[in-house]
Amino acid sequence: MPEPIVTLNEESLRSDLRELVRKTVEDTLNGLLEAEADELVGAERYERTAEREAYRAGHYDRGLTTSSGEVTIHMPKLKGARFTTAIIERYRRRETSVEEAMIEMYLAGVSTRRIEDVSEILWGSSVSAATVSNLNEKAFASVEEWRNRPLERAYPYVYVDGIYLKRSWGGAYENVAVMIAIGVNDDGYREVIGAAEGFTESSECWREFLSWLRSRGLHGVRMVVGDKASGMVGSIAEVFPEAAYQRYTVHFYRNVLARVPKSRRAAVAAMLKAVHAMESREASEAKALAVAEELEGMRLGEAARAVRAGYAETLTYTGFPREHWARIRTNNAIERLNREVRRRTRVVGTFPDGKSALMLVTARLKYVAESEWGSRRYLDVTLLEE
């Protein structure tokens, strides 16, 4: 048999092709960033024009994980203008969406063969069962690494909440709670700082969750905002004794309105909102007591007792800068996250176990946190030092 004229090292060839694709992606993204910076500046590099208001100030490097491997992005720095890019966000959104889709299909019990078919649409080429498994493992590992990352900054405000999902257990279905925490850091930006599984929102679960946050470095907490779930308040006092507690005003309203006939709820809701429209704690306290008396006059004794018992813990925000009040007394900071999580988890329905639920929830939280949600300053925290 004649010897082959040419022999190929297949592994070396595959490695070279992977590197070629990775380098092409890297060069393309960096080229798009340069063009985007030129457009923002309004002139070519070193070009002087009368209309020019911004100037180049070098670059800084950042890593970006893509399906083609880790690439290095040379982010332009500008003087006289802030450089914001849609290029990386669009690419990252596509990558993360594919990652989430893989996780969702796995959790929903989709067969490997079906995932292979769908992956051809998502990735542009069919992948093997081994590749599908590998992608899922990488996705889970990436999400878990992000979930357990160290918390190195101070977070003066922390918002906590729990979301209930369904899981199967021994042929029956039961609730599983995913506990979520976001923090406003010492630069005033929101971050998702925690997500963990809890069978119920009990004292033990909240204590473990808050202790886990502290073990990862959470510090500088001045106030924790929550909905007064069972055991939450005591756990906050135990783990973060230096932090004040603020109850979500909307949950307080719901608690009172549950004791009011439907025909009167609109009027009572307006009365309750007036409590938190006052200019000082003293005025709010006086208004709350006046509302309670008015409710008694309307023969709504249970609602009046709920107001007297609960109004004080909804006024903690008045001890902080007035400019922060509207954003630290409500759950608006975490509400979009909850909507996004529910929208995604509704696709799956019932999860095979709590870990699966946690992974998909965390993947969605990671995606939202790295979008515009986390890139806009939420509060001017320098006011805390005045």
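The structure is a predicted model, in which local features need pLDDT of at least 70 and side-chain atom pairs count only at pLDDT 80 or more, while totals for chains, interfaces and linings use all residues. Residues are numbered from 1 along each chain as its sequence is written, and side-chain values use heavy atoms, with hydrogens and water left out.

Val 221 lies in the loop between α5 (203–215) and β6 (223–226), where helices (H or I, at least four residues) and strands (E, at least two) are DSSP runs numbered from the N terminus. Val 221 is buried, with a relative accessible area of 4% (buried means under 20%, exposed over 50% and partly exposed in between, with a 1.4 Å probe and protein chains only). Residues up to four places away in sequence not being counted, Val 221 touches Tyr 155, Pro 156, Val 158, Phe 240, Glu 242 and Ala 243, contact meaning heavy atoms within 4.5 Å.

Phe 252, Tyr 253, Val 256 and Leu 257 in α7 meet Arg 265, Val 268, Ala 269, Leu 272 and Lys 273 in α8.

In helix α10 (residues 301–310), the buried residues are Ala 303, Ala 304, Ala 306, Val 307 and Gly 310. Seen down the axis of α10, these buried residues fall within an arc of 160 degrees, so they line one face of the helix; the arc is that of the directions from the helix axis to the C-beta atoms. The buried residues of α10 pack against β7 (244–247), α7, α8 and α9 (281–297), whereas the face turned away from the buried side carries the exposed residues Arg 305 and Ala 309.
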